[in-house]
Every structure is written in C-alpha cells, then in structure tokens.
Amino acid sequence: MTILGEFALWISLPVAAWGMILGYAGGRTQRGDLVLSAERSIYAVFGLLLLASAGVSAAFLGDRFEYWYVASYSNANLELFYKVTGLWAGQRGSLLFWALLLGFFASITVFTNRQKNREFMPYVAGVLQSILLFFIVVLLFADVNPFERLDFTPADGQGLNPQLQNYWMTIHPPTLYLGFTSFTIPFAFAIAALLNGRLDARWIQLTRRWILTSWFFLSVGIVFGMRWAYEELGWGGYWFWDPVENASLLPWLTATAFLHSIQIQENRGMLKVWNMSLVLMTFLLTIFATFLTRSGLIESVHSFAQELKIAYIFLSFMGGVLATCVILIVYRLPQLRSENQIESFLSRESAFLFNNLLLLGAAFSVMWGTMFPLISEGVTGQEISVGPPFFEKVNLPIGIVLLALVGIGPVIAWRRATKRNLQRNFATPVIVGLVTAAGLWIGGARHELALVTWSVSAFVLTIIFTEFWKGTRARARIEGEGYALAFFHLVSRNRRRWGGYIVHVGFVMMCIAFAGAAYNTDNRFNVQPGDVVEVTSPFGHTYQLTYEGLSVSIGRGQRNLLWQAIATVSVAQNGDPKGILTTEKRQYTNRNTQPMTEVGIRSILREDLYLILSALNDTNGALNNQPGAQGIDLQVLIKPLVNWIWIGCFMLAIGTVIALWPSVDRRRLPGGEKTSEREAALAGAD
Amino acid sequence: MKNNGRFMVGLVGVAAVVTYLIWTGVSETMVYYVTPVELMEKVEADPTFHDVGVKVGGRVVPGSYARVEGELLHVFTVHDLVDESATFRVEYRDALPDTFTDEVEVVLEGRLREDGVFEATTLLTKCGSRYEAAPEDLAGAGAEHPSGY
C-alpha cells in the first residue's frame, strides 16, 4: 500500500503538469477538448494524492519505522487515534495533506461548474493545477518526501510529542488547512478573471461561498488552536503571539478585510484593484503560514540553514505568484477602474474602507513584529526581537476601533449618511455604551482598556439587537406572525445579512472575553495534604481549595505512560462545596522529556478556576509512595470570562453557516425582479 | 472631489497612527537577542548594559540545576552554544515549563546583574515548540535518559 502511495505521488507530477498546460492552452484557444482534459486531470490528481495519503496512513498503521516520517512521529505503543492522525502530525505529511485538501476542493469546483461559468473554468483549472503541481514538486524534491526511507530500520519510533497528544491538536491543523486550501478557489477565480477579462463582480459572486467557507475554517481553526494552548500548554494563556500563531492570524486578517471590501465592489462597483490585491495577499499569506507553521524559520537561524532548500522553493514560488499577479493587474488596470467614487466621509463605504485599512494595519504590524528578528539581524547584524507587549500595544487600540466599526458599518447609510440617519441609529447605543461604562466604574472596574472594550461592546450589541428587533417587529406586524416565527423568517429571508450580524455578535462576545484577561489573578502555593488555601475572584467571591493529596499510578507503558501523579483538590466557593478538581504530572516513556502537566479547570460562565500542578516537592519520594513526600507547588489562576471566547466562536460559526446556507431569496430568482416593496421591507433589505 | 480630499486625510491619518503605534511599540518593547559570549562582551565594553533587558540563548550545563528549598526559585548555569567556557549563573523565579531539562537549549529574558548572575523573568525551552525530533537519534533508541528531579 505504501509503495503504491509513493508511486501515485510520482505519477501525480506529470498529470498535474499536463493539466496545468492544458488549462491555460484551453482557455487561450477556447478548445473544449483541451479544457475537458484539464478538468479531468484535476480529478486524477486528487485520486493520486488520495492514494499517496492512504500510503502514508498505511505506513503509520503498520508501524513501518523504516520510513523517516513514521519513525519521527509514531511508535508501536502510540494510540491508534494518533496513528490515524499521523498524516498531519509533522511537516512532511502536512504538505501532502495540504495538497490532498486542495485536490478535494478543486475537484468539487470542477464538478459543480461542469455545466456553467465556462468562461472561467479553463483558467481556474490551470491555476489550481499550477498550485497542486507546486506542492507535488516540493514533496518530491525539497527533502520533505514523506516516503523517504532511513538506511536502517529502527526497532521503534520516536513517538509523538506528548503535547501533541491532545484532541484539539488533532483537529486544529486540519481545520486551519481546510481554511487555507479553500481560499485557493477564490484566488483561482480572481486570476481567471484577470486572464479572461471578465472584471466585474462576477468572480466574487461565484466564489462568495468559498470565501465564507474559508473564513469559517480559518476562524474556527485559530480558536481550536487557542483552546489547545489553553488546555495543554499549562500556563493558562490561549494566545502567545508566537510566530506560528501569528502566521495563522495573518491570512485571517486579510481574509476578513476581503470579506468586507467585496461588498463594496458588489454594491458600488468600487475597489476592484484593492480586492484583487487582497485576494492575492491572502492567498500568499496562506502559503506563507503553511510554510512557517511547519518549519523553524523564525525561531532560529540555525534551523533556517537546515531548511534552506524548502525555504528557497517556497519563497521563489511566492515571488513568482506575486510578480505574475502584479503584471496581470497592471495589464488589466484600465478595466479595473472604479465605477463610482466615495461621496462622503460619513458613509458605509467609508466605514468599510476604514475597517479594511485597520485590518491591514493590524496584519502589517503582526507581520513586522514576527519578522523583526530576521529583519534586524539582516540590517544591523544584531538580532532584536519584540514580544507580546509589542503586539498588544499596537493591536489593542486597532482592535477597539474595529470593534466600534462592527456596530457602525452595518447601519450607516450607503453613499452619504444624513444627520437623521446618524441620530436615529446611534443615539440610543451611545447612551447604552456610556451607561455601561459608568455602571462598570461604579462596580469597581478600573482597567481602562477593558472598560473601553466593554462599553464599545455594549454600544455594538445595542445596535445589532435593535436591528433584529426592528426587523422582527415589522415582520410580525405586517404578516401577523408570532415574534419567534417572525424572527425565524426574517433571518431566513436574508441569510447573508442577518447571518453576518450573528457573526458580529460572536466577535463582540470574544472581545468581551479578551478584555476579561485584564482581571486575571495568579496565586502560587506550596501545599501539603490537608492544607486549605483561599483565593479571591475579581467578582468578589472567595474560593477555598483543600489539597486532598497525591495519587500515583505507575503505568506499564500502555498509551506510552510511565507514571502519573494526580493531585486532588476540593473546591468550595464561599464555603459551598463545588466538587473536586484534579491536576497531574505525567511522564511518557518515549523521548527524554520532562513530565507533562495536565491542568484542572472548573469552568462557569463568569470565570474559569484553573489549577496547575507546577511541581512535586519530591518526585522520587512520591513515586515510591513515601509518606511526607506529597507536597506540591500549586498554582491557582482565575480567568474571568474565558468561556465567552468559545461561546463567541460557536456563535460566529453558526452565523457563518447561516450566511452560507443556500438562499431561497425570491428576489434573486429569474422573473422575480418585480417583487413588491413590501416583500423587500420584510426581508430587511439594506 | 472635496469629499475625496477629506477622505484621503482620514486614510492617511489612520496609516500614520498605525505607523506611530508600530514605531513606538518596537522602540519600547524591543529586546536584544544575544549569545552569552556577546552579552559578556557588551557588558565589558559598556557597564550600563547591566540594566538593559536582553534575551539570551544558551544551553543549560548538565547537573547544574538546583531548586532553592522552600521558595519558587530555580538556579542553574547556562553556557554558550559554541564557546562552552562562556557561562553564567541564572536565577529564575517562576514555574518551569515541562520541556525544561538540565541539558536543554533555553532562551532567557531578563538582565545580567552586577554580581554576574542573570536574573531571568521568562524562560523558554527551544525544542518544545517545534515538536520534531531528529531521526538520526533513533540509531541509539532505547537508552532512556534519566529524568526527574
């Protein structure tokens, strides 16, 4: 099976090259047979990549340690689940997995467009095959072939890093990759539009669902990563501003900008060059992130030297794509002229443009901060780095303004906002925001940035709920429906708009949660069994924590566990017993790592109580069950509002799915143009 | 066009603010990333460097780790990756990451005190975040390193 997979990977190389050439040639000559062949070659490449991936998986499941990749990421005792997910555990498999997902999305695109949009499809097929070809070339020639063999067969593999043996870590990378690869489809349509000259909003309409799909997976994938960090890395944070995280945030920022700016092109025929640039930039950043997340480029110059080859291949590919696109855009510049102009500073166009500018500013600062060590070393020879304080200092102000725009953008009028429009929409929300600020101040909140964030959030939520309320009420009155039904119909009639609002509510919830971090508390204790410690929550109540003792189990290597030391802590809140929490140290057999920490979390809507077993006073004594060797270092964190990150993300996901759902909007059906104004009002037309 | 002008002012304003934030952000938060040898040289040349926050990459000297009883204070020695004779003591008051062993490569942030002890405020281990091992080590697989203190 594995041999077959390796063979399939080699075969996919000429097939992809063939498809690429035929795609461009077919588009140029308009010959249907060439185009058909190009499209079919995409199915073929997908099939071959599927075989190759199956080959890698078979090697994992069969413990074929003669393969470098399997030996590096698995061992005989590894749980089956992690053998199955071994395909994307490391760089080599991830690159194959990336190509596989792209092949899958490309096949869907070719299939759904087999009867329509024929003016785009030859070039779309050509572009998709070019990118597939690139990844196949990397896999085969950049020293990252997952089928590479060692010149000896080790008795056992290295095993998987214990920190990666976590549920979230197995779904986080594939989710992100789904986001990265699906963004390739809008990129391919954009290039096809540049090549065939159809430069109106058609390519955007055709790929709107792909853009949203990609955005959905990017957002959820990033939050999965946060969740993993929060549960597994064991210091209670969810975001570290490290290069790998930043790399996944960059395409999200530009994709979010793109998602908003395409609405200006669709509604007002403006920003055509800008949208082309954003789609290009986002695509390049997904490639950059793919490359960076699985290499050590930023971390150390030493690993850069080891990976010089793959770095050069990736950088020249990105450079080539960039140059090609810039030439194409410049060539088409006359046809990309704006059909309208911004009429007023106070208009939706302008709000959307500021949103774009801020998102790009954030992206630029994140990029700058991430690359700063490399840049400074290149320029001055002295490596200088910037840490989380830099990213926070720049991005928190930008984030707060963006948050305000989330409220302003959707209700300010297109073209030119009148005084009446402003008063009607913003008077109440501004008052609610101010009242919130005053209320929080009286309640004892003093942290400025958190106060501002929460007040702005209240302002935005008021605007969004007012919109929902107005729409529902109007519908309930006109149609005589109950409010619940009216609400349901309102949302389903214009899913794109109301789904977007639900996404915004999710985003606001997450911002509220992020600001909660200003009130994190951190206490450390050295405790013996029976000791009671007290910590006070920023909400005012007190937790009494009783350290009950340590239970040690010595494993025999099942699940690669050597031993586990579990500390049990009973929790009481203001004297009321609230159950027990455990936090543990685990020693895995494979690798010469230190024990891993598993944290204990009690999560309620208001806050998380987060316990960390920092260290055992006497590990050997504890393992030998010696009395008096049960003392531990216990770290107790209280993390206000953290839960709202996950709830907000869920909301955001629901909203995106609603916006994605195929619409039954009658106004868009052929012959349905003359819908009554009443119908338009009911759908909540903007 | 008049509105466009005002609009352009707004755009340039936003760009300027972002640039300003990045500029001040970098100058206020940047830390020099040096090797132990470079740090020694810098301190020698300019004693005020004792007060400058730096990031140092080095390797923990095997067997040098000790924990001060009763306190959350870890003490160990770090040497240069290339020149093993360049060493300094490190004091670190926080929980150690799981990936810390007494032979690991570490990146420390803090300052070198006048008495020659490096007071670290953050400690990162280097192999941890890449989650990858060199397959060549497999040739000697089976010999587990002793662990735990």
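Predicted model: local features only at pLDDT ≥ 70, side-chain atom pairs only at ≥ 80, totals over all residues.
The pairing of strand E9 (residues 607-616) of chain A with E10(A) is antiparallel and extends over nine bridges. E10(A) has another antiparallel partner in strand E2 (residues 521-527) of chain A, to which seven bridges join it. Within that pairing, Phe525(A) has Leu634(A) as its bridge partner in E10(A). Strand E10 itself, spanning residues 632-640 of chain A, is mostly covered, with eight of its nine residues buried.

A further set of strands in chain A forms an open sheet. Five strands take part, in the order E3-E4-E5-E6-E7, and their pairing is antiparallel. Strand E3 (532-536) and strand E7 (596-598) of chain A each have a single partner strand, so they stand at the edges and one side of each is left without a neighbour in the sheet. From one strand to the next, the twist averages 25°.

Turning to the helices, two packed helices are described by the angle between their axes and the distance between the axes. For helix H16 (residues 419-442) and helix H17 (residues 448-479) of chain A, the angle is about 145° and the axes lie 8 Å apart. The crossing of H16(A) past H17(A) is right-handed. Residues of H16(A) that make the contact include Asn425(A), Pro429(A), Gly433(A), Leu440(A) and Trp441(A), while H17(A) contributes, among them, Leu451(A), Trp454(A), Phe459(A), Ile463(A) and Thr466(A). Sorted by class, the contact of these two helices has 13 nonpolar, seven polar and no charged residues.

At the level of domains, chain A is divided into domain 1 (1-165), domain 2 (173-417) and domain 3 (528-644). The C-alpha centres of domain 1 and domain 2 of chain A are 25 Å apart. Between these two domains of chain A, 24 residues of domain 1 are in contact with 25 residues of domain 2. On the domain 1 side, the elements giving two or more residues are helix H5 (91-112) and helix H6 (121-141) of chain A. H5(A) provides the largest share of that side, eight residues. By class, the side of domain 1 of chain A that touches domain 2 of chain A has 16 nonpolar, six polar and two charged residues.

Notes: Residues numbered from 1 in each chain as written. Chains lettered and ligands numbered in written order. Domains from an automatic or database assignment. Contact = placed C-beta atoms within 7 Å. Helix = DSSP H or I, 4+ residues; strand = E, 2+ residues; numbered from the N terminus. Nonpolar A, V, L, I, M, F, W, Y, C, P; charged D, E, K, R; others polar. Axes fitted to C-alpha atoms, helices over the stretch in contact; angles between N-to-C directions. Left-handed = near helix turned anticlockwise from the far one by under 90°. Buried ≥ 20, exposed ≤ 12 C-beta atoms within 10 Å, placed from the backbone. Pairing = 2+ DSSP bridges.
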